[in-house]
Structure formats: structure tokens, C-alpha cells
Amino acid sequence: MRGLRAAALLLSPLCLLAASPRAALAGEAAGVAYRVGKVITMDKSDAVINGAVVLVAGGKIEAVGPAASVRIPENYRVVEFPDRWLVPGLVDCHNHIAGSLGDLNDSVYLTNPGLNSRQTVEPNNDNVKNARGGGVTSALLIPGSGTNMSGFGTICKMGGDSLSEVIVRSPGSLKIAQAGNPEWYWVGVGRSFMNWNTRQTLEKARDYNERWEQFDKGETKEKPEFNPIWDQFRGLFRREFPVSVHSQGYQLLMTTIDMLAKKLKLWVVLDHSEFDGWKTAALVKDSDVFTVQGPRSYHFERTCRKMIGNAAGWYYNGVTELGINTDSPVVPQEELTLQAALGCWYGWLPYPALRGVTIVPARALGIDQRVGSIEAGKDADFGIWTGDPIDPRSACLLTVVNGKVVYDVNKKPRPF
Amino acid sequence: MNRGKSTRASWRCVAGAAIGAMLGGMLALPAMARDGEPERVALTGGRIVPVVGAEIARGDILIEHGKITAVGEKLEIPYDARVLDVSGKTVFPGLVVAQTPRGLDVPNEMRPVTPFLDVYDAIDPSQMAFEEMLRSGVTTAHVIVGANCVIGGVGRIVRPVGLSVDEMTVAAGPALRISITPKGGYDRLLQMATLRETFAELNDYLERLAEKRYEEDLEQKKKKLDVGPAEARQRGRELVRADDIDDQHRNLVRLRGEVGAAYRPPIGRLGAFVYCGQAMDVGPAVKLAKEYGFFDRMVISAGGETFKALAELKSAARPVVLPPELIYRDVDPITGKVTETFLPSRYAESGLLWALLPGEDASLPERFMTYQAARCVRNGVARDEALRAITLNPAKILGLDARLGSIEAGKDGNLIVLSGDPLDFNTQVEQVLIEGMLVYERWNDPRMKRLTESAPAGQGERP
């Protein structure tokens, strides 16, 4: 049995090698046709297409469908993966490795509204390369949770050599941590002060936005003074990008839903949302917040002395659109699917888990018009997998970002 | 009256408690009447200890839409009421905790002066403290920051049930926390100087605000400035509006109330729970409260030694919340002789309005307020007075005696069903009703089961 498996491991890259060299030769092809065993589309009807063809041209998906119904143009290069799965590129909502790790936290004040992670983005760093090996194609780079407001995040692709290629949206979000680390600031601070202070900061930003809105609509002739810090927040109050909230435990999530979503009416993504945060599921259901949970999908509940699956906790209490994040480097970026798998080990379900690393986080960040599913017109971001990515035995063999191969196990061994 | 719906709502409450506890070990989270209104509930055949009025050996209580509507013998029970047969049991008002920092992440912030903060931002409904309250018969608690501060924030009066602080809220915070006893690292000089400085800064802030308002008013009327700054500050006072006052000062203005003869900022009043840990703190507390206009809304949070200023406390005639430790021990520095004083006896004699607190250590019986009251009776305090000290008196101190603290028609349906007399140590809390909702049953309390039921063979060891 063991011998057989070893033989299979040896053989499988060899089989693939047969397909790859041809791909490398065809430089002037107008597009690429991926002929695969299965496509998990993650489209609105959750379609799964067996024996499918995906056409890629100009960095976008041109067509997807059963092999019989998709005509491959003459000048397209054909790549064959007859037994493999083509899965949407994975999206991570809460990531610290797409930029320089040394710049994670600038803990100047308890709230640091002037900071922006855009200045720290590093294309092709080693962690980004690892991410590609795990099938991850987009990630929201956010500052750390050392303070209550640590700056604006940047949505990045895991492929591309320049900032303009890498950055999907800037600001990608505003990072807030209402507690759950900022309490160690200076000599310690409690939740009553932190929440008051965070609210004060956001209210200043909101008032700035309102003054400009009034001026822009012609309701007042008094032109407000321009402020480069508060000006970055205008998109937040226009709901052009969300607030990424590092949240954990009951009280924090409750406060986020109440203060940020209901009272300040912000577009809220509860990321992290660990420990017993899932107990707020009833409150989340009554609100419009998105929930993405991680780095760990389980926790030890002291009150009943057993392991609890957080993801299952959310799911079975009604938050069925649940995402998974790694909080890399807390959990390595390439282990995004493994965290979803651990959620399943503790009672979650594989298909919702696969949604949770693709279309769900893409929707939470408002980038689902570009990524998160395999549909014509979307960015050609996907991975070729040996099987279900949520099955820990499966491996990613090839990763494509914006139509370009950024990782190919046959050309370079897996980096982790 | 939709009988089916309301019955379900109430049962869902208990079922929710059980499921919550099984999944995550939480009891305090079941939704309070999130859907469906409170039902009609009748408790029949129990011994009623109403705190106000005579005991009824075998009586009925009717709760409609959360309020008690009738108490007496052989009441006519409406056909659609949910009937809880409590014969053989004792029904007592839900207990009221006059002040506690429990349910907060930390009792106090590091900063000395934080009147602008509110425990609303820090109460955690999932904390075990609230579950413990329910289990011990507490239906209302005033959560307020601890005394390790100069001026702390505003508290909040909550029921120990609900998914969010809004759901838990009975009433907004009635008071700020002030401490006359020095906070950690402070001495009395710095403590009092910081208090005076805070109020002096408030005065200055209000005067500048008045002056600015007066000048703006003149500008609008296109008049020239006609008076000096002192007069402008006087005239401007009447022009200050509620929303002129910034967040940092708002609660201090609410505490202060009237600032000048004719000047009353149009904002709701706040009182103060003033911690006097020692007898010597009472005098400065009274002086401060009179000087800054909140004397009639001051409650004294006493420490052990504070009783030595009983004469001053009596002449001030303000309510007193006793410390959880009821015995004060004096040690003679020369002979080493220990003199014990049972504090409630002294406060009961004084004629002041006083309230008991549960003990702070969760492993000792003092954490049960009924045990605290029983100790009072054992030490000679009248039974009625001891019972009031855990129900009606704290309700009065919180200004909620029209709603809480006794079993009377018109009050909230906050009742606890006990297995025996409230002051019997063998008595257990069997059921708790808050505003007519059955929110706790001992036989559905998983943690209580875990504690009392013998484990199956081989599974007895606890980590």
C-alpha cells in the first residue's frame, strides 16, 4: 500500500510534465484553454462542471463550460489536466504578509487614522510565493491589531511585479481592533476607554465627511478645510470600502455590531472573530455585517471544558455565509484551506468551507465582480488541485493570477 | 392575547439558556422577549414574602405584560395565563445589587479622571458574573466601575439576561463613580487636588462657553461688544445649549446640575456613588458634594472603617451601600486586642437608608445576598430590615423603588421562587422570573447539574 502511494507520488508530476513543456513553447498563443476534470465555479447557482474547458485571454476568463459546448479557438494553447479540479483562486480577508512584516504595527497612538499599509506592499516576497503554492491568489493586507485603529488595508493579488499590477483596491479597508490586543497599549487600557476613543475618532471622520457632503451638494457655501487624514475616511462613510474588524470573544463582536454597523452604519467585515465570538450569531443575523473567522477554527471552551468548532458554531447558529482567514503569519498563508478543513473536523461542512475561502470573502470585501468564482469576465485567478482543496490530502499543482502562471509544481518544487 | 405565542417565547428563553450553556457554557444569553410580548403568568399556592406588607401563607401572584397586577389569596386566574404551581415554595422579590464592577473587563481604567466613559462600552453579557447573579436570585444589578479612580464613568442598571447591553438595560446609569479614598499610587492630597482641579476646569470651561455664546449672539444681532468678559460670562449662561457641551464635560455638567442661580444646563441629571473607604473621607465627600451641587444625589459607598463617622453620615442623611465584608476588626496596636464590629447593626440603628452587597469572593457563601441578610438577623438586625437591605433599599438607592424591590401590584414581575425561607441557608433558588419571563430554572441549569449530579463510573475525575 505504502509502495503504491509512493509510486503515485512519483508518477503524478511526471504525467504533468508531459503537458507543461508544450505550454512553455507556445509564446504567441492568443489565449489558453484549460481542459480539466472538474470546475468548481462558485457562481450564483453553485454549478460544478465535470469535463470542463476554461478559456483565458487577456488576464480574464473568457468562457467556462462543458468541453462539448466550449469551442477552443485555433490559436489557443491547450493545457490538459483531465483528472484535476480547477478551483477559484483563494481569497484571504485578513493577512499581514503581502507587505513587510517589520511594519506590522506603528503603535503611536491608540487610534492611528493617518496610516496606510499601501506603503508596505512587497510584490513577490517569500511569503507571497508560499501563498501561491497554497492556491491563494488575493489577500487583504492589513496593519496589525496592536492599536484600536492601525491604518488602512490594501487588497493585493499574489501575482504581479509592480504595485499597479498587485493592488486590487486601496484603501482595501480600514483596520480596527476594538480590543483583544490594544489593551496592552502603554501601561494598559480598558474597553470603556478604548471604545469611547475609537468612537471619538470615527465621529471626527464622519463629521468631516458630512461637512464635505453638504458642500458638494451645495447645501452650504462654506468650503470645509481639507484634511489629508480625514479625507481618506470619506470612502468609508460612503461605504466604498469596509472596516476590517479584528474581533474575538462575545463582547467585542457585540460592540462591533452595535457601534460600527448599527450606529455608525459602516460596511463591516468581522474578521478574526475567534474564540466564543460565534455566540453572537443571533446578533450577526439581525445585521448586515460579513463574518470571516480565523486563524484557528476551533477553541478550547473553558466553561464546558472541551474543544469547540468556531466555524461550526457560526454555521449552525445561522451564519451560513462564513469566510475563513489565516491572519498570516499567525497561521501560514498557504494553510488557508487547512484551517477550513479543521473547521470541518470540528463539525463544519466541506462545500460551505470551500465557499468560505473563495466567493464569501470576495463578497465581504466587495471584490466579487473580479474574483472569487470562475465566470466569464472575471479575473483569471484559479488553482489546479489534485482534488477537493478542503481535503487535507489535496495539493495545489498550478496557480494562475490574472491569467499568468505564478506557481507550477513541475517547474519548481513546492516552497513549503 | 396570543397565548400560544407568548408561552413559546418564554419557554424558548429557558430552552435557549440550556442550549447556550451546553454549547458554550453560557446561561446569561437567552434573548429577553426578542419576539412575542411577555405573557400573563400566575404563580399559585406559594408562601409570599412581599417585603412590603404582610406575608401571605398561601397566595397567588398575577403578572401581566411584565408587571405584577395582583397579589393575594385565591386570586381569579385568567384562563389564558401560564400557571406555575409554586405550592410548598416561597416567592420573594428579585434581589437588587446596588453597585458592582462585575461584568466589566477591568474594574477601573488606568486614567484617574474619566467622567466621560460609560460601562455601556465594557459590559460583557457573556461573562459568568451574570449567570452567577441569576443562579443566586439577583434580577437587577447596577454595574459601575470600581473605586480605584478619582472620577470614574457612568454605570448602568441591567438585568442579568440578554444578548446585548441594550437588551439587558433596565435604566441608563444614574450616577458617576467618585472616590475620596486615594486611588492606587495617589495620596489624599493628590486625590483631593485632582478632584478640585477637575471641577475648577469645568467651571472655566463653562464660563468660556458662556462668553463665546454671548459674543456669537451679539454678532448675529449685529451689535458691538458692550460689556467686559465677566459680565459676558454671566449673560451668556442662559444662551448655552445642551449640544454645546462636549463629550468630555457632558457628564460632569449633568452631575453638577445648577451652575449658577439661574443656570441649569438642559441635560438629564446624574448622581454620584462616592467611595469613602475610611471615616476620614466622609467629611470631604459631603463638602465636595455640597460645593458642586450633587449632594442630594449622592450615595455613599462605605468601606469597613467608615462606620466610625456615623454621626457625620447621620447628619448628612444620605444612603449608604455597605461593604461586602460585614465585620470590621480593630486591632489595638499596644495590647493586640481585637474588637469586632458587625457593621449592619450599626447602620440599622442609625436610621439611614442602607443596602447590602454580595461578597466579592465567588467561593464563599457571602456571595449570596440572602446569606448576608441572614447574618444580619443572627446579629440582631430586625428580619424585615435585613430583607429590605437586599431588595427595596437598593431599589430606592437606584431610584427604581417604583418598579423593583417588593411584591406589589404595579411593580415589575421580578420574582424568585425559593425552596424555603429566604434566610435559610439550605434554601435554593429554583426559578427566576424577570418582568414575567421565566429566565432560570435550577433543574435546567447544566452547570448546577454538573456540580450536584454524580458522574457516571469512570468519568468522575475533573481536570
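Me: How much area do chain A and chain B bury between them?

Reply: This is a predicted model: local features need pLDDT of at least 70, side-chain atom pairs count only at pLDDT 80 or more, and totals for chains, interfaces and linings use all residues. Side-chain values use heavy atoms, leaving out hydrogens and water; residues are numbered from 1 along each chain as its sequence is written, while chains are lettered from A and ligands numbered from 1 in the order in which they are written. Buried area is the accessible area (1.4 Å probe) that two parts lose on being put together, summed over both. For chain A and chain B, 54% of it is on carbon and sulfur atoms, and the total is about 2,500 Å².

Me: How many residues of chain B are in contact with chain A?

Reply: Contact here means heavy atoms within 4.5 Å. Chain A brings 30 residues to the meeting, and on the chain B side the number is 33.

Me: Which residue of chain B forms a salt bridge with A:Arg199?

Reply: A salt bridge needs a side-chain nitrogen of Lys or Arg within 4 Å of a carboxyl oxygen of Asp or Glu. That rule finds two across the interface of chain A and chain B. In the one made by A:Arg199, the closest N and O atoms are 2.4 Å apart, and the partner is B:Asp121.

Me: Which helix gives the largest share of the side of chain A that touches chain B?

Reply: Helices (H or I, at least four residues) and strands (E, at least two) are DSSP runs, numbered from the N terminus. On chain A, helix H4 (191–216), helix H7 (250–263) and helix H8 (281–285) each put at least two residues on the side touching chain B. The largest share is eight residues, and it comes from H4(A).

Me: How many residues of domain 2 of chain A take part in its contact with domain 1?

Reply: The two domains of chain A bury about 1,800 Å² between them, 65% of it on carbon and sulfur atoms. Domain 1 gives 22 residues to the contact, and domain 2 gives 24.

Me: Which residue forms a salt bridge with A:Asp379?

Reply: Across the interface of domain 1 and domain 2 of chain A, there are four salt bridges by the rule. In the one with A:Asp379, the closest N and O atoms are 2.6 Å apart, and the partner is A:Lys157.

Me: Which residue in E10(B) stands opposite B:Ile178?

Reply: Strand E9 (residues 169–179) and strand E10 (residues 271–276) of chain B run parallel, over five bridges. Opposite B:Ile178 is B:Val274.

Me: What is the bridge partner of B:Arg329 in E14(B)?

Reply: Strands E13 (residues 327–331) and E14 (residues 338–342) of chain B are antiparallel and joined by five bridges. They form a hairpin with six residues between them, and B:Gly336 in the turn has a positive phi of about 80°. The E14(B) partner of B:Arg329 is B:Glu340.

Conventions: Pairing = 2+ DSSP bridges.
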